[in-house]
Amino acid sequence: MTRLLLAVLVLLAAVVSCSTTKAADPTIVNTRAGAVRGHIDDQVRVFTGIPYAAPPVGPRRFTEPAPMSPWTDTRDATGPGVECPQPGHESDLTQTEDCLVLNVTVPRHTQGKVPVLVWIHGGAFIAGNGSGYDARKLAAQGGIAVVTINYRLGTLGFLASLGLSDVIGNYGLLDQEAALRWVRDNIADFGGDPERVTIGGQSAGGVSVCDLMTAPKAAGLFRSAILESAPCQAQAAVSSAARDSAAYAADVGCPAGSGNAACLRALPVDALRDSPQFSGIGLPVSPVTGTPELPMPPLDAFTSGFSSAVPVLIGSNANEATVFEAQQYQGKPAPGTAEDYRSVLESKYGERVAELGRRYPLPAFGGNVLAALAAIDTDNSYACPTLGMAEALARRSAVYAYEFADPAAPVEQQYQGAPLPLGASHGSELGYLFDMSKPLNQESAALSAQMIAYWAQFVKTGDPNVEGQPEWPKYAPGGAFQRLAPPMPKPAEGFAGTHQCGYWR
């Protein structure tokens, strides 16, 4: 009996020892592929650069992502991460084809599994990375887990040459789906709830969310969606994408024929940094519709009911296009006269120049030609498509619509002194949700806290309304958008009229 008691005590001591070790080192998490060691502070645990798929290199270039091979040692997940190959080098991250990694930020102190936001970066499908979105504030204040991801970009992500593999383009979209499957299989070990996953993104990341709501393989991998400034009309049809991709392949020395695939896989990555130019979509490249991965354009799927019927938080910014006008005329003279205004309108809109001149008269913009042009592009490319999506989606599920309109939103350093007021421009809401090192004034900081509360509550419940915050009504066709601006968010009627959507639609 004494020996039996001694054996039991030894076993219990071993169990306690293992439990103590695990509790004493919350920086280590065991994923299905192997252990990772992250960073911890008093608010969050952060794990960076975790592979979610095999490196898409060599024979795996231009193929569907493959499962990650397991590793035996504990993998360091504290570094800055990497980014996928792209033109230029605006970040400090290393660019490499071995870029299918993600970052996990979870609250330091939680009870039970917390809901998860999977964030998809923007960048016109040719630029960006998941590491640029510091989610500490969103995770800690919101009480949610945040996963930011990389996916293949440009040529490597969307070249739609026929015969490269079993799929046509859409490699970047398939990467996003692989990341969602990783979240489903691994996030519980980090303290996240795989049954409560929201996908979200801004700009091209928002377009990706639209695509995932339509993609058959993504069904069931998320339960709600966030669309920020997402021009979801920007997809390429397979016929035109294949034509444009074939022309690109020929230009880089790989004409159509039996050796095309081998030629493209043998090229150095630097030969593929510039991307194809898909015709008529407003972006260089995009996911490709008319394929098994994306059977129809998302807007068609929304209106016909062939998309995931999940709660949606959707919106745009009041002055989306101002930053694009500032970019276009940075360092060169801007158009400044009524004649200049008419000339630019004629080149962009042809026979509609007279009607647009009446609807957007130059005196209404203080005579600033760029401000008038930005208003037109904001309404045509962002506000009115957002309204159309909200109306279509509201027929099948709960929709919460917003307009971000803080006139004091921080301006990127390179646009200080721009030839027009930027206001709430494209991407300016991101610094209110993520820590992007852009200081906010007191009122904007208060708005940031309110937006984090709204977004986190939506991730938790599919409804942004939270006690202590101004009510955010569910959207109904013709109804109010929540206006996110100091001194306090509030429902605002008349979005369609303000942005002249009767004309643009």
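This is a predicted model: local features need pLDDT of at least 70, side-chain atom pairs count only at pLDDT 80 or more; totals for chains, interfaces and linings use all residues.

Visitor: How many disulfides does the structure hold?

Guide: A disulfide is a covalent bond between the sulfur atoms of two cysteines. When the bonded cysteines of the chain are numbered in sequence order, the pairing reads 1-2, 3-4, 5-6, 7-8. The number of disulfides in the structure is 4.

Visitor: How many residues apart in sequence are the parts tied together by C84 and C99?

Guide: C84 and C99 are joined by a disulfide with an S to S distance of 2.0 Å. C84 belongs to the loop between strand 6 (82–83) and strand 7 (94–95), whereas C99 belongs to the loop between strand 7 and strand 8 (101–107), so the separation of the tied parts in sequence is 15 residues.

Visitor: Are C84 and C99 buried or exposed?

Guide: Buried means under 20% relative accessible area. C84 has a relative accessibility of 2%, and C99 has a relative accessible area of 1%. Because both values fall under that cut-off, C84 and C99 are buried.

Visitor: Is the disulfide of C210 and C232 left-handed or right-handed?

Guide: The sulfur atoms of C210 and C232 are 1.9 Å apart. This pair links distant parts of the chain, 22 residues apart, with C210 in helix 5 (residues 204–214) and C232 in the loop between strand 12 (224–228) and strand 13 (236–237). The torsion about the S-S bond is about 80°, so the disulfide of C210 and C232 is right-handed.

Visitor: What is the handedness of the disulfide of C384 and C501?

Guide: C384 and C501 form a disulfide with an S to S distance of 2.2 Å. The torsion about the S-S bond of C384 and C501 is about -90°, and the disulfide is therefore left-handed.

Visitor: Which helices hold C384 and C501?

Guide: C384 is buried, at a relative accessible area of 4%, and C501 is likewise buried, at 2%. The two cysteines link distant parts of the chain, 117 residues apart: C384 lies in helix 12, and C501 lies in helix 16 (residues 501–504).

Visitor: Are helix 10 and helix 12 roughly parallel or roughly antiparallel to each other?

Guide: The axes of helix 10 (residues 338–349) and helix 12 (residues 369–393) come within 10 Å and cross at roughly 25°. Angles under 35 degrees count as roughly parallel. Helix 10 and helix 12 are therefore roughly parallel.

Visitor: How many nonpolar, polar and charged residues make up the contact of helix 10 with helix 12?

Guide: In helix 10, Y341, V344, L345, K348 and Y349 take part, and they meet V369, A372, L373, I376, D377 and N380 of helix 12. The residues of this contact comprise 8 nonpolar, 1 polar and 2 charged.

Visitor: Which residues is S245 in contact with, leaving aside its neighbours within four places in sequence?

Guide: S245 is part of helix 6 (residues 238–251). S245 has a relative accessible area of 0% and is therefore buried. Apart from neighbours within four places in sequence, the contacts of S245 are L159, A160, S161 and F278.

Methods: Residues are numbered from 1 along each chain as its sequence is written. Side-chain values use heavy atoms; hydrogens and water are left out. Helices (H or I, at least four residues) and strands (E, at least two) are DSSP runs, numbered from the N terminus. Buried means under 20% relative accessible area, exposed over 50%, partly exposed in between (1.4 Å probe, protein chains only). Contact means heavy atoms within 4.5 Å. Axes are lines fitted to C-alpha atoms, for helices over the stretch in contact, and angles run from 0 to 180 degrees between N-to-C directions. Angles under 35 degrees count as roughly parallel, over 145 as roughly antiparallel, 65 to 115 as roughly perpendicular and the rest as oblique. Ala, Val, Leu, Ile, Met, Phe, Trp, Tyr, Cys and Pro count as nonpolar, Asp, Glu, Lys and Arg as charged, and the others, Gly among them, as polar. A disulfide is a pair of cysteine sulfur atoms within 2.5 Å.
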